[in-house]
Structure formats: C-alpha cells, structure tokens
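Hello,

Please find the structure below, followed by my notes on what was found in it.

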Amino acid sequence: IKIEIELRKAIEQNQFFLHYQPKLDLRTGELVGVEALIRWNHPRWGIVSPECFIGIAEDTDLIIPIGEWVLYAACQQIKTWQNHGFYTAVSVNLSQKQFINSNIVQTIEEVLEKTGLEPHYLEVELTESIKPDLEHTISSLQQLKNLRVSISIDDFGTGYSSLSYLKELPIDTLKIDQSFVRELHNNPNDEAIVKTIISIAHNLNLKVVAEGVETKEQLIFLQQHLCDQAQGYFFSKPMSAKELKDNLLEVQ
Ligand code: G
Ligand code: G
Ligand code: MN
Ligand code: NA
C-alpha cells in the first residue's frame, strides 16, 4: 500500500529526523537524559507523527532499517554533543520486531563502535508489546546489559504481562505510563497505582521515571513519593537537537 512505498522512499531519501525530550532528576532538577523520538518530514504530507507510521513499519519489517537509522542518528548526536562538552544519555524506543527479525545486539554494537559512544550513555526502551517469555528476547537483553547498555520498560502498567517483565528481564528502569500521571490530581486509583509502581521499582532496586508530567501538582506528588525522574510538557516538549542545545545544554 501507499504508505509502505512512501516509507521505503523515506529511508532512501533520508526524510526522517529526531526530536529529543528531556528527562529530569526530580531531586536536583538536572537534565539526566533525553528520549529520541522519530519524526518524518514527507515532501507533500509535511511532518508525520510516528503514531501514523510505526505500526505499518512494524508490519512490513521496515522498522528494522528505520530502527537502525534511529539508533545511529541518536548515538551520533549524543557523541557530537560530548565533543562539545555536553554529556547526556539517550533513550531509544525499540519494537519487538527488532529483536525477532534482526540481530539487534550486533546492530547496537556496530552503532556504538561507529559513533564512538560509550554504551552506558545509551538506554533502550521496550514497550509492553515485547513478549518477555521469548527466550531470544531475554538473551538479547542480557547481552545488551552485558555491554552496559541500560534497559527500560516503557508505558509500564499498561501491558497485561508487565509484572512478569520484572521477573524475566534484566531491566534498570520503569517508566510510569502517562495515562496514570494524567489524572493524578483527581483520581485516587491513579494515585495508588503511581505510588505502587514507585515502590515496586524501588523494592527491586530499579529507577522509576514518570512520563507525561504536565502540571505542578503532578510534579509535587511525584517528588513527595520519591519518584526519581520525570519527562513531560511541564518541563519540555520533544524538540530538535538545535533547540535542545540552545535551551538546555548551554545553560549547564
Ligand atoms: O513522539 P511521539 O511523542 O509522538 O511518539 C508517539 C509514539 O511513537 C510513542 O509511543 C513512541 O514510543 C513511538 N516512537 C517514537 N519514536 C520511535 C522510534 O524511534 N521507534 C519506535 N519503535 N517507536 C517510536
Ligand atoms: O510511548 P512513549 O512513551 O515512547 O511515547 C512518548 C510520547 O509521549 C511522545 O509522543 C511524546 O511526544 C508524548 N509526550 C511526552 N510528554 C508528554 C506530555 O507531557 N503530555 C502528553 N500528552 N504527551 C507527551
Ligand atoms: Mn518511550
Ligand atoms: Na511511554
């Protein structure tokens, strides 16, 4: 179909770019990392959101070359910033397909080698669509962990098998899904869920990050309950590398 053909062209013609969303330490307010988020600048359609094409990319396996491009572009950007004296980590979203239909460990090793980025500056984010019972996925994650790449579970709490991830996968961080953060101030169930995820994380010696923080009230709640880090429009929208450097990195 049409979008598939356009996606193939997009890869060849280099129509993708990355935005970066800051992640802050909730005790110090410091920038601790950025999440890389893909954008597509289509010559006629304009900027296309990943929500409109990641699913198709996954179904057609185009996520494999696209995902490689994302890893390479993100690591290269972080290394470029390092060369200018700005040190921050980067998180990259991975799809299950990248584990099953490609050698993700080899890809990441090659990207780190080519860009010269040290592995501990890279974190991979896995969503609930990743099936933790897959022997191959577990072994790939273990190999990434051995390389010192960090592993985080994205959208935590929304996948039906979330708790089994904690048992099976060698993870470092839980990201509390935005849907629980959004209603924090007026839904006691969400308050309970967020508090519970924070304590699960800390009891397992994992870091916990809140996503989708948009208000001061949400921030205060998360700080009071000792959530480690946060991301969201309250701090910053995802932005271009140039905007990020101008706004945040220069002032450090
Ligand atoms: O960027 P936005 O903030 O609109 O992202 C929408 C969705 O697309 C999110 O679920 C996000 O995880 C996903 N996404 C963004 N960039 C990538 C990427 O590089 N790879 C994959 N697999 N998903 C991505
Ligand atoms: O699934 P994942 O967590 O990777 O998705 C990140 C998505 O969330 C991106 O589309 C990003 O633009 C969006 N996002 C980031 N911060 C906020 C926020 O504070 N509010 C809302 N509504 N979306 C956000
Ligand atoms: Mn994410
Ligand atoms: Na998420």
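Ligand 2 and its surroundings

The shell around ligand 2 divides into four nonpolar, six polar and four charged residues; Ala, Val, Leu, Ile, Met, Phe, Trp, Tyr, Cys and Pro count as nonpolar, Asp, Glu, Lys and Arg as charged, and the others, Gly among them, as polar. In total 14 residues surround ligand 2, the closest being Gly212, Glu214, Gly232, Tyr233 and Pro238. A residue is near the ligand if its C-beta atom, placed from the backbone, lies within 6 Å of it.

This is a predicted model: local features need pLDDT of at least 70, side-chain atom pairs count only at pLDDT 80 or more, and totals for chains, interfaces and linings use all residues. Residues are numbered from 1 along each chain as its sequence is written, while chains are lettered from A and ligands numbered from 1 in the order in which they are written.

The protein chain has 11 helices and nine strands (DSSP runs, H or I of at least four residues for helices and E of at least two for strands, numbered from the N terminus). Its radius of gyration is 18 Å, close to the 18 Å that the globule rule gives for 252 residues, so the protein chain is as compact as a globular protein of that length. The radius is taken over C-alpha atoms, and the rule is 2.2 Å times the number of residues to the power 0.38. Along the principal axes, the C-alpha atoms fill a box of roughly 50 × 45 × 35 Å.

Asn203 belongs to helix H9 (residues 188-203). The C-alpha atoms of Asn203 and Gln218 are separated by 22 Å, at 15 residues apart along the chain.

Regards
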